[in-house]
Amino acid sequence: MNRRAFLFASLAASSTWSGMSCATHAASDIQLIYIGGQDCGGCKRWRANAHPRWLASEEIQKVSYFEIEPITLKDAYDERSWPRGLRAVLAQVPHKSGTPRFLIVQDGRIVSNQLGVSAWTSTLADLKQLME
């Protein structure tokens, strides 16, 4: 089993919610976490427009990327929606409401916490700065 498949299987096994998806592309000390909800209008817009470009980007190859997107956005900050390995990050989120949210985590600490579709541009700028 390759490292990516092992990581996905480990995270899936540790999560009690089967809707969490992981698109990890690299073993990295930088994580980007998207938090949304399948019933979130802004999340749907981000998924339709920015998400495909993100998945095709060079940057995604350099980070560990996770998606937390339960069926209803009211469950986005419920720890059952998060894999056990990311629950320490969830505990650091100061205001557990609002989606889409984009977190950048480095060495286990949130270093960027952006809320809203328009915040994606700022998230990418923060990410590029960290990768310099």
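Author: Along the sequence, the pattern of the chain is α-β-β-α-β-α-β-β-α. In total there are four helices and five strands. Please keep in mind that this is a predicted model.

Reader: How much of the chain counts as buried, and how much area does the chain expose?

Author: Buried residues make up 44% of the 132 in the chain. As for contacts with a separation of 6 or more, 61% of them join residues 24 or more positions apart.

Reader: What makes Cys-40 and Cys-43 a disulfide?

Author: The cut-off is a pair of cysteine sulfur atoms within 2.5 Å. The sulfur atoms of Cys-40 and Cys-43 are 2.5 Å apart, and the two residues form a disulfide. The structure holds one disulfide, and both of its cysteines, Cys-40 and Cys-43, are buried.

Reader: Why is the disulfide of Cys-40 and Cys-43 called right-handed?

Author: The torsion about its S-S bond is about 75°, so the disulfide of Cys-40 and Cys-43 is right-handed.

Reader: Which residues touch the most other members of the largest nonpolar core?

Author: That core has 15 residues, and those touching the most other members are Leu-32, Tyr-34, Trp-46, Trp-54, Tyr-65, Trp-120 and Leu-127. Two or more residues each come from strand 2 (30-35), helix 2 (41-55), strand 4 (101-106) and helix 4 (120-131). Helix 2 gives the largest share, four residues. Apart from this core lies another, of 14 residues, including Ile-68, Leu-90, Val-93 and Val-105. As general background, nonpolar side chains in soluble globular proteins tend to be buried together.

Reader: What is Trp-54 in contact with, leaving aside its neighbours within four places in sequence?

Author: Trp-54 is in contact with Leu-32, Glu-59, Ile-60, Val-63, Tyr-65, Trp-120, Leu-124 and Leu-127, once those neighbours are left aside.

Reader: Val-63 is on that list. Why does Val-63 count as buried, and where is its place?

Author: Buried means under 20% relative accessible area. Val-63 has 0% relative accessibility, so Val-63 counts as buried. Its place is in the loop between helix 2 and strand 3 (64-68). The C-alpha atoms of Val-63 and Leu-127 are separated by 9.1 Å, with the two residues 64 apart along the chain.

Reader: How do you know that the buried residues of helix 4 line one face?

Author: The residues in question are Trp-120, Thr-123 and Leu-127, which are buried in helix 4. Down the helix axis, the buried residues of helix 4 fall within an arc of 55°, so they line one face of the helix. On the face turned away from this buried side are the exposed residues Thr-121 and Gln-129. The cover over the buried residues of helix 4 includes strand 2, helix 2, strand 4 and strand 5 (109-115).

Reader: How does the span of helix 4 compare with the one expected?

Author: Helix 4 has 12 residues and reaches 16 Å from its first C-alpha to its last, close to the expected 16 Å at 1.5 Å a residue.

Methods. Residues numbered from 1 in each chain as written. Predicted model: local features only at pLDDT ≥ 70, side-chain atom pairs only at ≥ 80, totals over all residues. Heavy atoms only, no water. Core = buried A, V, L, I, M, F, W, Y, C linked by side-chain atoms within 4.5 Å. Buried < 20%, exposed > 50% of the residue type's maximum accessible area, 1.4 Å probe, protein only. Contact = heavy atoms within 4.5 Å. Expected span 1.5 Å × (residues − 1). Arc of directions from axis to C-beta.
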